[in-house]
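Let's walk through this structure together, one question at a time. Have the sequence and the 3D view open beside you.

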Amino acid sequence: MYAIMENGSKQYKVTVGDEVQLELIHAAVGEKVDFPVLLISDENGIKVADDAKAYKVTAEVLEHDKAKKIIVFKYKAKKNERKKKGHRQPFTKVKIVDIALA
């Protein structure tokens with residue numbers, strides 16, 4: 001059984017027991033969080049739209065962290081103009097606990 005859930009305008013394919021890095025969620029470590037379901041696939045087949053909205057994905061927050069640093073370097077040729085920046089995207093790591101009817 002798997003579900004397609006939504007978080008931060010992104011979609012994730014999850015099953016029970018998966019650990020997923022999501023957009024930053026303002027919840028304490030150890031807290032349970034529910035996510036809306038867009039598609040559900042189980043032994044009875046695939047459910048979408050209104051049938052899938054009856055389900056929810058429950059996850060437990062494991063940690064908050066920042067991703068690996070990426071370097072953003074901009075320059076203009078022959079103008080001696082250079083800008084170097086670094087960015088670390090914050091994320092929340094969650095463990096999928098349950099996929100069930102709401």
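Q: What is the volume of the largest pocket?
A: A reminder before the value: this is a predicted model. The largest pocket comes out at a volume of about 160 Å³.

Q: Which strand gives the largest share of the lining of the largest pocket?
A: The lining consists of V72, K74, Y75, K76, E81, K83 and K85. Two strands, β7 (70-76) and β8 (81-87), each supply at least two of the lining residues. The largest share, 4 residues, belongs to β7.

Q: How many residues of the lining of the largest pocket are charged?
A: Among the lining residues are K74, E81 and K83. Sorted by type, the lining has 2 nonpolar residues and no polar ones, and the charged ones number 5.

Q: How many residues does the largest nonpolar core have?
A: Those with the most contacts inside this core are M5, V14, L22, F35, V57 and I96. Strands β1, β2, β3, β4, β6 and β9 each supply at least two of its residues. The core's residue count is 20.

Q: Which residues does V57 touch, leaving out those up to four places away in sequence?
A: V57 is one of the residues with the most contacts inside the largest nonpolar core. With those sequence neighbours left out, V57 touches A3, M5, V14, V33, D34, F35, V37, I96, D98 and I99.

Q: Is S41 buried or exposed?
A: S41 sits in strand β4. Beyond four places in sequence, S41 touches M1, Y2 and I46. Its relative accessible area is 14%, and under 20% counts as buried, so S41 is buried.

Terms used:
Residues numbered from 1 in each chain as written. Predicted model: local features only at pLDDT ≥ 70, side-chain atom pairs only at ≥ 80, totals over all residues. Heavy atoms only, no water. Core = buried A, V, L, I, M, F, W, Y, C linked by side-chain atoms within 4.5 Å. Buried < 20%, exposed > 50% of the residue type's maximum accessible area, 1.4 Å probe, protein only. Contact = heavy atoms within 4.5 Å. 1 Å grid on protein atoms, 1.4 Å probe; cavity = no way out; pocket = protein on both sides within 12 Å on 5 of 7 lines; lining within 4 Å. Points joined across faces, edges and corners; volume = space filled by probe spheres on them. Nonpolar A, V, L, I, M, F, W, Y, C, P; charged D, E, K, R; others polar.
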